[in-house]
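Take a look at the protein chain below.

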Amino acid sequence: MHQYIFFGYTEMTLRPEGAGFGDGVGLELLPQLHRAAVGERKVGFPNIEKSADSRTPRDSKMIGGRSVTKSTSMSDAKLDHVKLDHFPPVNYDLHAFYYTWYGNQQFDGKYIHWNHPMVPHWDPKIASSYPKGKHVPPEDIGASFYPELGAYSSRDPAVLNAHMKQLRAAAIGVLALSWYPPGLSDENGEPTEDLVPVILEAAHKYQLKVTFHIEPYEGRENSLYSNLKYIIDKYGSHPAFYRYKTSTGRILPMFYIYDSYLTSPGSWANLISVSGSHSLRNTQYDALFIALIVEEKHKNEILQAGFDGMYTYFATNGFSHGSSHHNWQAIKDFCDSNNLMFIPSVGPGYIDTSIRAWNNHNTRNRVNGKYYETALSTALLVRPEIITITSFNEWHEGTQIEKAVPKKSSQLVYLDYLPHKPDIYLELTCKWAEKFRREKEQWLM
């Protein structure tokens, strides 16, 4: 669950209503965004010439719709034959955001994240009318849906295997792993960086790849250079480590940078422009760096910073400029004209009222899969190189495509996927993964 507070749009519809649609009305109220907006972090942009070599060429057209060279070792071939022949072909241009912050008593000695506290409204008058305290797993969890696997631990090898199986059944090729450096975590979690090798191994069994979704930890601006080196040095040689093949034949790691707007474009340029003072460009640690677009003004800031592209993350159509479907074509046009990748994020719905009880105006009803298919259809219209899915398992915000089951206790009734089966969103993803692959072949002809 990301450190974002949501505002301002109508409830329970496929698309919000009203004159302000898609312009992120109320975003200035977001504490972090507001600080950046009023200049607390403002630094003058460096005068970077945006020539073809001022950042890694995106060269985004892909070969045969496959962005990663597949390992052809004997063990892989055997694995494919033994275990994977009944799965659909995997689409490496479909990336799903994946979280490992869940814990339970069996594997962690306590519940982690399932017992998420209720986040109070910032206005004490409003906050006083909503419940306080923490959820009490396993019957009462910080989510509106209930996982088929129960209140699981991300450290449970059987859970990791089941997740990889679900991702592979959905034809998702890449999981974008929520990442904090060793010893760090979100405020409700515990460090899980030690799980990365286990996740790489679990993914490799199903021929999946792992990329990294860099979270906004304290001191990120100053430590990111060494953190990215750490990731590439430690995991870059693993066969499940994701690399993207550009049309010029470069094969590069990719990093999604969440809340990238918290750091000024000038500071980013030091790291990711060719002329930057601590530049990663043209070194063994060069990569594709993908920034989060929230507001419209972020387009130019992302360009000036030297990023290689932008993604939208939020599953609430209408919440931000970037997450509003009707803005995607204009963002894609901007990216195309500036040699950037546009990576739209699609989600099956949104509901976070189990942890932000006051936020029902940002709920997006799943409409039995129609909301998800509308988002996927809109994403395909802009012909992106990659589509991201928010999310595989962000249960707090109700964006998960992971299997959920009907559940009720004496106190509450969870939402579910009925009348469909628990795997409906995996099935829909698989259908659209194939559609995406076929359409991309047409675009490249």
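Helices and strands here are DSSP runs, numbered from the N terminus; a helix has at least four residues and a strand at least two. The model is predicted.

## The whole chain

The protein chain has 12 helices and 11 strands. It holds 445 residues, and 57% of them count as buried.

Two packed helices are described by the angle between their axes and the distance between the axes. Here are two such pairs.

| Helix pair | Angle between axes | Distance between axes |
|---|---|---|
| α7 and α8 | about 15° | 11 Å |
| α8 and α9 | about 35° | 8 Å |

Start with the pair α7 and α8. Helix α7 covers residues 220–235, and helix α8 covers residues 265–272. Their axes meet at about 15°. Angles under 35 degrees count as roughly parallel, so α7 is roughly parallel to α8. The crossing of α7 past α8 is right-handed. On the α7 side, the contact uses Arg 220, Glu 221, Leu 224 and Tyr 225. On the α8 side, it uses Ser 267, Trp 268 and Leu 271. By class, this contact has 4 nonpolar, 1 polar and 2 charged residues.

Now take α8 and α9, which pack at an angle of about 35° with axes 8 Å apart. Helix α8 brings Pro 265, Trp 268, Ala 269 and Ile 272 to the contact. Helix α9 brings Glu 301, Gln 304 and Ala 305. The classes here are 5 nonpolar, 1 polar and 1 charged. Trp 268 takes part in the contact of α8 with α7 and also in the contact of α8 with α9.

## A helix with a buried face

Which residues of helix α10 (residues 328–337) are buried? They are Trp 328, Ile 331, Lys 332, Phe 334 and Cys 335. Seen down the axis of α10, these residues fall within an arc of 160°, so they line one face of the helix. What do the buried residues of α10 pack against? Their partners are α9 (298–305), β8 (309–311), β9 (341–343), β10 (345–346) and α11 (370–381). After α10 comes Asn 339, with a positive phi near 55°.

Helix α6 (residues 196–205) has buried residues too: Val 196, Ile 199, Leu 200, Ala 202, Ala 203 and His 204.

## Positive phi in the loops

Just after α6 comes Gln 207, with a positive phi of about 60°. Gln 207 is not a glycine. Is Gln 207 buried or exposed? Buried means under 20% relative accessible area. Gln 207 has 8%, so it is buried.

His 113 also has a positive phi, near 70°, and is a residue other than glycine. Its place is in the loop between α3 (105–108) and α4. His 113 counts as buried because its relative accessibility is 0%.

## Cis peptide bonds

Where is the peptide bond cis, with omega near 5°? It runs from Pro 137 to Pro 138. Pro 138 lies in the loop between α4 (124–127) and α5 (157–169). Another cis bond runs from Leu 418 to Pro 419, with omega near 10°. Pro 419 lies in the loop between β11 (387–389) and α12 (424–444).

Lys 403 is found in the loop between β11 and α12. Its relative accessible area is 23%, so Lys 403 is partly exposed. Lys 403 and Tyr 417 are 14 residues apart along the chain, with 8.7 Å between their C-alpha atoms. Leaving aside neighbours within four places in sequence, Lys 403 is in contact with several residues, including Tyr 146, Glu 148, Trp 395, Tyr 417 and Asp 423.

Glu 215 sits in the loop between β3 and α7. It counts as buried because its relative accessibility is 0%. Glu 215 and Ser 260 are 45 residues apart in sequence. In space, they are 9.1 Å apart, C-alpha to C-alpha.

Notes. Residues numbered from 1 in each chain as written. Predicted model: local features only at pLDDT ≥ 70, side-chain atom pairs only at ≥ 80, totals over all residues. Heavy atoms only, no water. Axes fitted to C-alpha atoms, helices over the stretch in contact; angles between N-to-C directions. Parallel < 35°, antiparallel > 145°, perpendicular 65-115°, else oblique. Left-handed = near helix turned anticlockwise from the far one by under 90°. Contact = heavy atoms within 4.5 Å. Nonpolar A, V, L, I, M, F, W, Y, C, P; charged D, E, K, R; others polar. Buried < 20%, exposed > 50% of the residue type's maximum accessible area, 1.4 Å probe, protein only. Arc of directions from axis to C-beta.
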